[in-house]
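I set out to record, entry by entry, what I looked up in this structure. The notes follow the order in which I worked.

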Amino acid sequence: MATAAAPMEPRPNVASATVRLPAVKDYEQIDREIIGTLRPTLGWFAALATAILCLLIGVAAWFYQVYAGLGVAGYHPPVMWGVYIISFVFWVGIGHAGTLISAILYLFRAGFRTSIYRCAEAMTVFAVMTAGLFPILHLGRPWKFFWLIPYPNWRLLWPQFKSPLVWDVFAILTYLTVSSTFLYIGLIPDIAVLRDRETNPIRKQIYAVMSLGWRNSDREWRHFTRAYLFLAAFSTPLVLSVHSVVSFDFAMALTPGWHATIFPPYFVAGAIFSGLGMVFTIIIPIRKFFKLQHYVTLNDLDAAAKMCLFTSLVVGLAYLTEFQIAWMSGNKYEQDYFWNRVFGQWAWAAWIMIICNMVLPLSLFSQKLRRNPSWLFILSIFINVGMWFERFVIVVPALSHEFEPWQWGSYAPTWVDYAILLGSFGWFFMWFLLFIKQLPVIAITEMKEVVPPRLRNVGGGRH
Amino acid sequence: MPGLIGAFHELDATVSAIGELRRSRFNELTVYTPTPRHELEHALEAPPSRVRVFTLIGGLAGASFGYWIAVWTSEYWPLVVGGKAIASWVPYTIFGFEVMVLVGSLSTVFAMFALSRVPRLTMTVGYDPRFSGGHFGIWVATSPERAKEAADLLKKHGAVEVRHES
């Protein structure tokens, strides 16, 4: 909830928790400009068609894999986890920044979240939807995936609750449910705005149903704000738990390089870092093409870039700590694994990871670069690539270099792996592109909380 | 109950109108606002939302169910491995936690809907599409005898439009 605040001294070069939008004058302007972004354009249709084409390539590859068997996917003993598990962890990670921005920053009252949280939240939901596909793609018989869900059955069989795979099912499904609920609840008042402005009777009817008859009464807002707060309070530990649980898939195994207590915080920091990378990849073009620079201001990008820098430093520290653990453990297998990772067989992947995730983000110490959207966009692509390779470096080198030399092997993805990876991007961007032209990509109602309300007696309205 | 709706353009005018309406014993007020504002909440002196009760009950029920399903299935079909516990609370905390969040969140949303009377199939009398845009609205439910008094009050505080509805 907002209160009309006293004017502050302008500090244009300092990203502040108190958002100020000098170019946004009143509530009507917010309605007009944000609803204006919903008109489809030729560029949008082209992007959507590209996304659907990528998706179809992935679907075709998957059909082929189901027909021919998992062997076409590049699995080769001892590396029996490959691109699908890497991409699963990658997409779950992408899905973390949305809840961080919408829930954790909400609890911390960080004002810069207001302009970017809707976009990040939608990104979260679609990223988790994408991530959820990969464990199913990884199954030899994907139609049996529901065996992981505890449901009453004639054979009285239950899943093994001590298995990290079952933990994953609970964590991911809970995360998907809660994050999509959180997104929808926040959207209801905005859909009511669309309903009230819509002139096409069919669309108006659809919005009326989707807004559930929301009418902005004090009673609705009173319960809404409280419920939103509790959802944020639930989502905060949830977001930290989900990637911790994902990290248990690895940390519970006795494999060198995986069996480490540092994994949960390391994964959570990496997830938030990668998610922030994807937020930049998405929000910077949206800001430009939808002409929303006066909503998503340089101050907002600057503040998000600082978070990105911080999480990069945490991730970098985790990389170095892993080496320190291996060194100080005195365990030869652990030491050999890390040597092989950085100077041996997988050096190329490890150095992509280190350069993209540790070195390049250091540029964000420069305020000039933090406030340069072009650089942030380029950097975000490097971060996305780097974070995919981080998961590659976690999954593949460990399996390819276990205890005994006769167990050692290599791994190379096949065209099926690449096609399905491409398809996952198509799937993700298809949903995202559909979203941004049907529903507001910036929260209309929350923007109105930021803009000072119209007052009869200027200087009044405070409490 | 019949009544009248006043539309306002300014927040402080709305707040002062609410204050005077309440002092004049017009207690059945519904305020429409495009965005939640503390000023309006304070002027209405509404009781705190009871959503939290549902959140607490849902959270506790979810945590209990999460632990229970894992413990019960383990005891029902024991997998005895070495000397390890058949039902182990450490990994089962994951289920307790996740189901607590799931059920707690869903019951919070349910409470929000139930307490706000949402979903609503028909628009309430007095609602105006402007109230999701840039206007604030006050619906005063009153008898026809006091309608004029309420209308005068709304106009006095700067209502841009006052309309009788029933």
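**Entry 1: a loop residue in chain A.** I began with A:K291, which lies in the loop between α8 (263-289) and α9 (298-329) of chain A; helices (H or I, at least four residues) and strands (E, at least two) are DSSP runs, numbered from the N terminus. A:K291 has a positive phi of about 55° although it is not a glycine. I found A:K291 exposed, with 12 other C-beta atoms within 10 Å. In these notes a residue is buried if 20 or more other C-beta atoms lie within 10 Å of its own, exposed if 12 or fewer, and partly exposed in between, with C-beta atoms placed from the backbone.

**Entry 2: conventions.** The model is predicted: local features need pLDDT of at least 70, side-chain atom pairs count only at pLDDT 80 or more, and totals for chains, interfaces and linings use all residues. Residues are numbered from 1 along each chain as its sequence is written, while chains are lettered from A and ligands numbered from 1 in the order in which they are written.

**Entry 3: backbone exceptions.** I noted B:R25 as a non-glycine residue with a positive phi of about 65°. B:R25 sits in the loop between α1 and β2 of chain B and is exposed, with 8 other C-beta atoms within 10 Å. I then looked up cis peptide bonds. One runs from A:P77 to A:P78, with omega near 10°, and A:P78 is in the loop between α2 (42-68) and α3 (83-107) of chain A. Another runs from B:V118 to B:P119, with omega near 5°; B:P119 belongs to the loop between α4 and β3 of chain B.

**Entry 4: chain A overall.** I recorded 15 helices and zero strands for chain A. Its radius of gyration is 23 Å, close to the 23 Å that the globule rule gives for 463 residues, so chain A is as compact as a globular protein of that length. The radius is taken over C-alpha atoms, and the rule is 2.2 Å times the number of residues to the power 0.38. Of the 463 residues of chain A, 48% count as buried.

**Entry 5: chain B overall.** Chain B has five helices and four strands, in the sequence pattern β-α-β-α-α-α-β-α-β. The radius of gyration of chain B is 25 Å, well over the 15 Å that the globule rule gives for 166 residues, so chain B is more spread out than a compact globule. Its C-alpha atoms fill a box of roughly 85 × 30 × 30 Å along the principal axes.

**Entry 6: the sheet.** What is the order of the strands in the open sheet of chain B? I read β2-β3-β1-β4, with antiparallel pairing; two strands pair if DSSP finds at least two bridges between them. β2 and β4 (161-165) of chain B stand at the edges, each with a single partner strand, so one side of each is left without a neighbour in the sheet. Four bridges join β2(B) to β3 (residues 136-141) of chain B, and B:L29 has B:V140 as its bridge partner in β3(B).

**Entry 7: the contact between chains.** The contact takes 59 residues from chain B and 56 residues from chain A, where two residues are in contact if their C-beta atoms, placed from the backbone, lie within 7 Å. On the side of chain B that touches chain A, the largest share, 16 residues, comes from α4(B).
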